[in-house]
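Here is a friendly walk through a protein model, from its overall make-up down to single residues. Please keep the sequence and the 3D view open as you read.

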Amino acid sequence: MRNLEDVWRKRSAHYTEELQKYMRYIFTGHMAIVIVFLMGAGGYQYSHWLDANHGNTNTPSLEIATLIVAFFLMLSRPVTLLKKPDEVYLLPLETKLGVYFKHALRFTFTTQAVIAVIVYIVMWPMLRQVTELEVSQIVAGLIVTIVLKWLNIQAEFAYRWNKAGEHVWLNRLVRYVLNGAALWGVLTGLYLVLVIAVVLFIALWLVDKKNIVKQPFPYEHFVALEDNRMMGIYRFANYFTDVPQVHGSIKRRPYFDFLYNMVPKKHKTTFEYYLFRSVIRTDDHFYLWLRLVVINALIVAFVDITIAGAIISAALAFAVAIQLKQAIASTHEFTMSMLYPLPQDSRQKAAVKIVRYFIIAQAVIVLLASIMQPYFYVYALIVLVVGEVTLRLSK
């Protein structure tokens, strides 16, 4: 038992260090600026919406809050930190794994309950001002949210053990309905609905928990689940810094084939054609551009604070220009293109042209997304100006 506790303690410490290492790269630089302005603009929009709908009984605020919180309660994938070698080395200790999983589920609850609580607190002003619920009812809903999160984690872990994760979406759907019913019951004062939903939830969990006594632990499923979860974290971090565990994949994306005609197939445009195809087909480059452009489009479409939209558009235009240029302008690896009989600075000049194409595409998308906003053309103009200045001044 002590050995399993030590195993968990070391793995959780390593996982925390790994997460903190990559989070430092994510929440810094332009993303920090974007996050601050997003939170400010989102808070302003939310406050404006609350004032406009204060006391409006026709707005289904209670139902909206219930469905949103229930969704985050349903997402309760257990964090086990199991590795491939555990399929062999932990097999003799299978009867004592309860000690390990007790710590794992406690860690899962601690990390995931925070997210559920934050989402509920964000819903708090809407419940208080629009639906005009009493504070005692909202606090009771918060307590039920925490309890439900613990039940969801236990229930999903038991189901995955019992069924090796097969049709887990069906289990999640049932839990989503029960979560929503329980929250709706406590917030509306219909405590009978709350009791029935919780009783059914516990019964669902206990059935799976009883069945796992007869089932061997599905190492393969939980190891694959953990690998996928960690790879998701690494892929996200890879958008901001190089992650050794992630190797960028290449996809053809045939729906963009028509764009290649923009670059003529001539000797002097060799690098332009090569880099244009590289950006579109390489996941790292393409999703880097797509992610920042989508964020930009959503902000200018839904945030009606002109100065906030302008600042964020400028920050994202700078990010697209500098990151794409640095990604494709030079390489430390040998490529066959180095053997082409072209001037040494051909790649750098071609990179500037290709990034300019993507800056123009970003401006067009931003223009279309902000078409309903006053001074909508300002955002696209800012993207073009900031992107061009960044290309010219950066090395």
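How far apart do the end C-alpha atoms of residues 293-322 lie, and how much of the span is helix? The end C-alpha atoms lie 14 Å apart, and the span is 90% helix and 0% strand. Helices here are DSSP runs of H or I with at least four residues, strands are runs of E with at least two, and both are numbered from the N terminus.

Before going on, a word on the model: it is predicted, so local features need pLDDT of at least 70, side-chain atom pairs count only at pLDDT 80 or more, and totals for chains, interfaces and linings use all residues. Residues are numbered from 1 along each chain as its sequence is written, and side-chain values use heavy atoms, with hydrogens and water left out.

## Overall make-up

The protein has 14 helices and zero strands. Of its 395 residues, 45% are buried, where buried means under 20% relative accessible area, exposed means over 50%, and partly exposed lies in between (1.4 Å probe, protein chains only). Taking contacts between residues at least 6 apart in sequence, 78% join residues at least 24 apart; a contact means heavy atoms within 4.5 Å.

The unreviewed UniProt entry places the feature "transmembrane region" at residues 25-44, 64-82, 103-123, 135-153, 181-207 and 293-322. Positions from UniProt are in the numbering used here, feature names are shortened, and annotations may be inferred rather than shown by experiment. One of these spans, residues 135-153, is 100% helix and 0% strand in the model, with its end C-alpha atoms 27 Å apart.

The expected span of a helix is 1.5 Å times one less than its number of residues. For α5, with 33 residues, this gives 48 Å, and the end C-alpha atoms are 48 Å apart, which agrees. Even so, α5 has a kink of about 35° at Met 123, shortly before the proline Pro 125. The bend at a residue is the angle between axes fitted to the seven residues ending there and the seven starting there.

Helix α7 (residues 168-188) has 21 residues that should span 30 Å, in agreement with its end C-alpha atoms, which are 30 Å apart. Its buried residues include Asn 171, Arg 172, Arg 175 and Asn 179, along with Leu 178 and Leu 183. The buried residues of α7 pack against α3 (61-74), α5, α6 (135-163) and α8 (191-211).

What about the stretches on either side of α7? Gly 189, which follows α7, has a positive phi near 85°. In the loop between α6 and α7 sits Ala 164, which has a positive phi of about 55° although it is not a glycine. His 167 is in the loop between α6 and α7, and its phi is positive as well, at about 55°, although it is not a glycine. Ala 164 counts as partly exposed at 38% relative accessibility, and His 167 counts as partly exposed at 46%.

## Aromatic pairs

A search of the whole structure finds 21 aromatic pairs. Rings of Phe, Tyr and Trp (its six-membered ring) pair if their centres lie within 6.5 Å; planes under 30 degrees apart count as stacked, over 60 as edge-to-face and the rest as tilted. Two edge-to-face pairs are set out here.

| Pair | Centre to centre | Angle between planes |
|---|---|---|
| Tyr 15 and Phe 107 | 5.9 Å | 80° |
| Phe 271 and Tyr 274 | 6.2 Å | 65° |

Tyr 15 lies in helix α1 (residues 2-26) and Phe 107 in helix α5 (residues 97-129), so their pair ties together parts that are 92 residues apart in sequence. Both Tyr 15 and Phe 107 are buried. They belong to one aromatic cluster, whose members also include Trp 8, Tyr 100 and Trp 161.

Phe 271 and Tyr 274 are three residues apart in helix α10 (residues 270-281), so about one helical turn separates them. Phe 271 counts as buried at 10% relative accessibility, while Tyr 274 counts as partly exposed at 29%.

## Helix α12

Ser 313 is in helix α12 and is buried, with a relative accessible area of 0%. Not counting residues up to four places away in sequence, Ser 313 touches Asn 296, Val 300, Tyr 379, Ile 382 and Val 383. Ala 315 lies in helix α12 (residues 306-328) and is buried at 13%.
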